[in-house]
Amino acid sequence: MADRAGLRDVPAYSAAEFRRRVAQGHLLVARDHEDGDHRFNPGHARLIHDNPLREAAVLVPVVDHGPEATVILTKRAETLRAHTGQVAFPGGRIDPEDGTPEQAALREAAEEIGLSADHVDLVGRMPNYVSGSGYRIAPVLAVVRPGFRLTINHDEVDAAFEVPLRFLMDPANHARESRFWGDREWYYYDMPYDGRRIWGVTAGIIRTLYERLYA
């Protein structure tokens with residue numbers, strides 16, 4: 001039996017505690033449930049898609065820095081046609097040869113920022129997140145061991161940076177904002193950090209992770 005005092009000694013925002021909370025089971029993928037922008041915008045016209053949702057996966061890489069873990073995020077390249085310059089998790093469309101969302105997330109992380117799978121432990125997967133832009137996104141949770149070296153693919157991303165897990169899991173940093181989409185407001189979360197704007201789908205996934213693990 002685990003020592004209760006020992007569990008209390010594990011820092012709340014360490015990678016070890018993140019891994020433990022995921023392993024408790026309430027993050028298991030529910031096949032009959034999807035998270036997404038519809039939770040914040042029920043019945044919004046933007047959520048009505050004429051075409052099938054495009055399948056995608058992102059890696060949520062929590063870096064083990066001892067008591068204070070961080071999360072790797074990217075700034076998408078300014079030259080891209082979609083979501084130009086936005087902050088995002090490493091990720092992209094699931095290719096037929098990927099086989100699983102986990103493999104797609106690992107491949108995209110290697111292609112975009114050079115994060116080697118040798119340093120990545122996959123620990124779980126959240127329910128799919130459906131975006132207003134027409135994607136069904138599988139958020140793949142991972143713990144990244146120190147010693148990795150990133151190589152930025154500037155065709156896809158301008159930069160990669162780390163944000164403290166403590167900051168992202170603090171609801172005081174989750175501002176709910178809105179903008180008009182047509183004649184109706186569209187609500188989203190906004191989490192400014194160190195001069196960078198974490199918002200939209202990325203912030204929505206972070207908010208959902210907070211609700212499932214740290215709320």
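This dialogue explains how to read several features of a predicted model.

Me: What conventions apply to the numbering and to the values in this model?

Reply: Residues are numbered from 1 along each chain as its sequence is written, and side-chain values use heavy atoms, with hydrogens and water left out. The model is predicted, and local features need pLDDT of at least 70, side-chain atom pairs count only at pLDDT 80 or more, and totals for chains, interfaces and linings use all residues.

Me: How many helices and strands are in the chain?

Reply: Helices (H or I, at least four residues) and strands (E, at least two) are DSSP runs, numbered from the N terminus. The chain has five helices and twelve strands.

Me: What share of the 215 residues counts as buried?

Reply: A residue is buried under 20% relative accessible area, exposed over 50%, and partly exposed in between (1.4 Å probe, protein chains only). Here 45% of the 215 residues of the chain count as buried. The accessible surface (Shrake-Rupley method with a 1.4 Å probe; for residues, only the protein chains shown count as cover) comes to about 11,000 Å², of which 49% belongs to carbon and sulfur atoms.

Me: Which residues touch the most other members of the largest nonpolar core?

Reply: A nonpolar core is a set of buried Ala, Val, Leu, Ile, Met, Phe, Trp, Tyr and Cys residues joined through side-chain atoms within 4.5 Å. The largest such core holds 36 residues, and Phe18, Leu165 and Met169 touch the most other members. At least two residues of this core come from each of α2 (15-23), β2 (54-63), β3 (70-76), β8 (135-144), β9 (157-164), α4 (165-168), β11 (184-193) and α5 (200-213). Helix α5 gives the most to this core, with six residues. Another core, of 17 residues, lies apart from the largest one and includes Ala105, Ile113, Leu115 and Ala138.

Me: With which residues is Leu165 in contact?

Reply: Contact means heavy atoms within 4.5 Å. Leaving aside neighbours within four places in sequence, Leu165 is in contact with Tyr13, Ser14, Phe18, Val62, Ala69, Thr70, Val71 and Tyr214. For the chain, among contacts between residues at least 6 apart in sequence, 68% join residues at least 24 apart.

Me: Is Ala138 buried or exposed?

Reply: Ala138 has its place in strand β8. Ala138 has a relative accessible area of 2%, so the residue counts as buried. Not counting residues up to four places away in sequence, Ala138 touches Ala56, Ala57, Val58, Pro101, Arg125 and Asn128. Ala138 and Pro101 are 37 residues apart in sequence, but 6.3 Å apart in space, C-alpha to C-alpha.

Me: How does the span of α5 agree with the value at 1.5 Å a residue?

Reply: The expected span of a helix is 1.5 Å times one less than its number of residues. The 14 residues of α5 should therefore span 20 Å, and the end C-alpha atoms are 20 Å apart, which agrees.

Me: How many of the 14 residues of α5 are buried?

Reply: An α-helix has 3.6 residues a turn, so residues three or four places apart point the same way. In α5, eleven of the 14 residues are buried, and the helix is mostly covered. Among the buried residues are Gly200, Ile206, Arg207, Tyr210 and Leu213.

Me: In which sense do β10 and β11 pair?

Reply: Two strands pair if DSSP finds at least two bridges between them. Strand β10 (residues 175-181) and β11 pair in the antiparallel sense over seven bridges, with Glu177 opposite Tyr188 in β11. The two strands form a hairpin with two residues between them, and Gly182 in the turn has a positive phi of about 70°.

Me: Where does Asp194 lie?

Reply: Asp194 lies in the loop between β11 and β12 (196-199). Asp194 has a positive phi of about 50° although it is not a glycine, and is exposed, with a relative accessible area of 69%. Strands β11 and β12 pair in the antiparallel sense over four bridges, and Tyr193 stands opposite Arg196 in β12.
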